[in-house]
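Here is a short walk through one protein model, taken one contact at a time. Keep the sequence and the 3D view side by side as you read.

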Amino acid sequence: MKQDEPIVDMITRFTDIINGLKGFDRKFTNGELVSKMLRSLSENWNSSRMLIENTKDINTYPLEELYGTLMTYELNNAETKEKTRRSKEEMKEPPKKQIALKSTNDEGSSNTNMSDEELDDLVLLVKK
């Protein structure tokens, strides 16, 4: 299996190879096919491989059920990775800047009544 290859692509490639070998009158038992499929999984699949090898009888475990198990594992693993990626992105967001403005009760006041210091502060605020 290639690194980061979807399991469906790997299954398709595996099936093509097996069918080609069957064309040359090579016979495989179900146990051989399941064993070969598990051995061809990449290191990312070690936990799933070990679980299947330890809990199932490889000689009687249907190849189609193995395919379904691997596809389900990949789908669940992809969802978990996506949630982890999103939470990491949210944690990396810089804190949002907050601005507090001075308020007055004078309805008739205008900008001309501002002191030079207040006007400079306002100019800096607008520039940012």
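A polar contact is a pair of N or O atoms within 3.5 Å; within protein, one must be able to donate a hydrogen and the other to accept it, and residues adjacent in sequence count only if both atoms are side-chain atoms. The side chains of R13 and E5 make such a contact, at 2.7 Å. The model is a predicted one, in which local features need pLDDT of at least 70 and side-chain atom pairs count only at pLDDT 80 or more, while totals for chains, interfaces and linings use all residues. Residues are numbered from 1 along each chain as its sequence is written, and side-chain values use heavy atoms, with hydrogens and water left out.

The pair E5 and R13 also forms a salt bridge, that is, a side-chain nitrogen of Lys or Arg within 4 Å of a carboxyl oxygen of Asp or Glu. The count by this rule is 1 salt bridge.

E5 has a relative accessible area of 12%, so E5 is buried. R13 has 31%, so R13 is partly exposed.

R13 sits in helix α1, residues 7-23; helices (H or I, at least four residues) and strands (E, at least two) are DSSP runs, numbered from the N terminus. Neighbours within four places in sequence aside, R13 is in contact (heavy atoms within 4.5 Å) with M1, K2 and E5. M1 lies 12 residues from R13 along the chain, and their C-alpha atoms are 9.2 Å apart.

Conventions: Buried < 20%, exposed > 50% of the residue type's maximum accessible area, 1.4 Å probe, protein only.
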